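Please open the model in your viewer and follow the stops below. Each one says what to select and what is there.

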Amino acid sequence: MSYIRLGLHKWSNVNKQFLVALLSGVVVGFVTAYVILSPAILLVALGDPHTSQEMESASGPSIDPGVHRHDEEFHQMENSTVADLMFKKVRILCWIMTGPSNHEKRARHVKATWGKRCNKLIFMSSQKDDSLPAVALPVGEGRNNLWGKTKEAFKYVYHNHMHEADWFLKADDDTYVILENLRYMLLPYRSTDSIYFGCKFKPYVKQGYMSGGAGYVLSKEAVRKFVELGLNSTKCSKSNSGAEDVEMGKCLEAVEVKAGDSRDSVGRGRFFPFVPEHHLIPGHVKKSFWYWQYIYYESKEGMDCCSDNAVSFHYVTPNQMYVLEYLIYHLRPYGISYQVEMPPELVEEHEKNKMTSL
């Protein structure tokens, strides 16, 4: 019997060693696969990413989607008079934060979609690319250099393009912006106002600061103060590192640029740090997530989350950019139309145009 017990004990030890080895192998294999494939896995699991890491593997279509051809009869009901007037009156320079590895993956898809509605479009990188065009800034790549890159980008704009726009938008290469809504929001303001707008967060800066990912727009006067009074003094951080949007907020507050309120007339937000789904579907962004502690104004979930004139969404994959482009600018429910009233800020210019055309 003792031999039998000894044999069973040895077999038990073998089984334990086998199970330990098996479990170890499974764990190691899972961790290895996660490290290598995690961005792709997360994109599939979550549907829509809400961190930069989850966006790493996102790239656009390898085949050019082409241009949407208008059905002339269907589009006769469209009237772009107001949008055309705003394009001339509220000139916006868009500069896009990107990098060499994303020129083809993301940047060119910004150019093919919403970027074409900017009055001026520039991509800020560390490598020149005439096809975009991309400017080679004297700053290295990586998240630790985003603040340095932002400073250099605005300095470049200040020295080369200030005369070409009234407002200056900074956005990432995974941000989608509806320029007509941005111009409409900016109409009541003057470019000589010391102000900037975006998705306002509340920690770290007394007056709040704007989310970098959702994009933020500075008046011409705000850019001037940022470069002349901020970057040429000790009021703003000299380091290249630090959270870009927080450092920007601190710097602009120090040079007395106001953090504006971008909400619509019923208090709904216009700039969003995530894709529409994350704001439209209750519970998608868990209440324990940092967003709810950061957002400056009360933010709702569900269909009433977002303004009818929303301006931007973040963590938008290149494929989603084409989807948004189609849904916003081409898909129309037949039989439904709406009239756009001429904003008072455009009436005088509209009358001048009518007189000129006579």
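What percentage of the residues in the chain is buried? Buried residues make up 46% of the 358 residues. Keep in mind while looking that this is a predicted model.

**The whole chain**

Start with the chain in a cartoon view, where 12 helices and 11 strands can be found. Then turn to the contacts: of those with a separation of 6 or more, 75% are between residues 24 or more positions apart. Switch to a surface view next. The chain exposes about 19300 Å², and 56% of that area is supplied by carbon and sulfur atoms.

**Helix H7**

Select residues 220–230, which form helix H7, and pick out Glu 221 within this helix. Is Glu 221 buried or exposed? Its relative accessibility is 19%, and the cut-off for buried is under 20%, so Glu 221 counts as buried. Now show what surrounds this residue. Apart from neighbours within four places in sequence, Glu 221 is in contact with Ser 191, Thr 192, Asp 193 and Ser 194.

Tyr 326 has a relative accessibility of 37%. This value lies between the limits of 20% and 50%, so Tyr 326 counts as partly exposed.

Definitions and conventions: Residues are numbered from 1 along each chain as its sequence is written. This is a predicted model: local features need pLDDT of at least 70, side-chain atom pairs count only at pLDDT 80 or more; totals for chains, interfaces and linings use all residues. Side-chain values use heavy atoms; hydrogens and water are left out. Helices (H or I, at least four residues) and strands (E, at least two) are DSSP runs, numbered from the N terminus. Buried means under 20% relative accessible area, exposed over 50%, partly exposed in between (1.4 Å probe, protein chains only). Contact means heavy atoms within 4.5 Å. Accessible areas come from the Shrake-Rupley method with a 1.4 Å probe; for residues, only the protein chains shown count as cover.
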